[in-house]
Structures are given as C-alpha cells and as structure tokens.
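Here are my notes on the model you asked about, as numbered points. Please have the structure open beside them as you read.

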Amino acid sequence: MLLTEVILTRDPWMHRIDLSQATGRPLELTADHDGRIVDDVVREWAQRHGKPYRLTLHGPAGGTWTSGDADAPAIELDAIEFCRILSSRAGGTGLLSTEVPF
C-alpha cells in the first residue's frame, strides 16, 4: 500500500498564528502573503461544503468571496478567526462547521 503524506504551507502558517496568540506578539499580516493563504483556505472550504455563500473576511488577509445566489447566507468575520474556526481551533456553526485541513 502506497501512503502519500501532504504538508500544506498553511500548516506552518497556522502555527505562526498559534505562536502569536500564545506569546501575545502581534501578527504582521499582508494581503500579498497571508491573503493568498486565506484565499486558498476559502476555496477549499467552499468546495468541501458545496453550498451557496457570501463571505466577507476582515483584516489584511481578508477579502470578499461569493458563490450562488444573492440570498445565500452571509458570513462576516476576521480572516484569522475564520481560519482558526475551520482548523478546529475555535467553534463554528452552519457552514463554518466545515473543517479544512491545515
């Protein structure tokens, strides 16, 4: 049996978030770097749940994503908190209960 292991770049990125929170040091986020990782997470999250949504994430790593009709559920929160929820580091309900590997 062939086993393939995958390490995602968002795994060490999330550990960076964890370390920042544990040490109380502020995160230095940029749209160019951190925003790309969040975008990757959003795209996988959308693919996993497969339902319409309107998502607005705040902060330097945030942005706006939509899929489906205008009546789709609207979700609005901080980009880092969104990732913490999807990684099971914080609780989420509804579409935010769809986990994404980090």
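1. Val38 is a handy place to begin. Setting aside neighbours within four places in sequence, Val38 is in contact (heavy atoms within 4.5 Å) with Trp13, Leu57, Ala61, Trp65, Ala79 and Cys83. Please keep in mind that this is a predicted model, where local features need pLDDT of at least 70, side-chain atom pairs count only at pLDDT 80 or more, and totals for chains, interfaces and linings use all residues. Residues are numbered from 1 along each chain as its sequence is written, and side-chain values use heavy atoms, with hydrogens and water left out.

2. Helices (H or I, at least four residues) and strands (E, at least two) are DSSP runs, numbered from the N terminus. In soluble globular proteins, nonpolar side chains tend to be buried together.

3. Now to the sheet. Three strands form an open sheet in the order S2-S1-S3, with mixed pairing; two strands pair if DSSP finds at least two bridges between them. Strand S2 (63–67) and strand S3 (74–78) are at the edges with a single partner strand each, so one side of each has no neighbour in the sheet. On average, neighbouring strands of this sheet are turned by 10 degrees against each other, direction ignored. S1 (residues 53–58) pairs with S3 in the parallel sense over five bridges, and Thr56 stands opposite Glu76 in S3.

4. Which strands does helix H2 lie across? H2 (residues 34–49) lies across S1, S2 and S3 and runs at about 155 degrees to S1. H3 lies across S1 and S3, at about 105 degrees to S3. Axes are lines fitted to C-alpha atoms, for helices over the stretch in contact, and angles run from 0 to 180 degrees between N-to-C directions.

5. The helix pair H1 and H3 deserves a look too. Their axes come within 11 Å and cross at roughly 110 degrees, so H1 and H3 are roughly perpendicular to each other (65 to 115 degrees; under 35 is roughly parallel, over 145 roughly antiparallel and the rest oblique). Trp13, Met14, Ile17 and Gln21 of H1 meet Ile80, Cys83 and Arg84 of H3.

6. Leaving aside neighbours within four places in sequence, Asp34 is in contact with Trp13, Arg16, Glu28, Leu29 and Ala61.

7. Beyond four places in sequence, Leu95 touches Trp45, His49, Lys51, Pro52, Tyr53 and Ile75. Ser88, also found in the segment after H3, has a positive phi of about 70 degrees although it is not a glycine. Most residues other than glycine have a negative phi. At 45% relative accessibility, Ser88 counts as partly exposed.

Note on methods. Buried means under 20% relative accessible area, exposed over 50%, partly exposed in between (1.4 Å probe, protein chains only).
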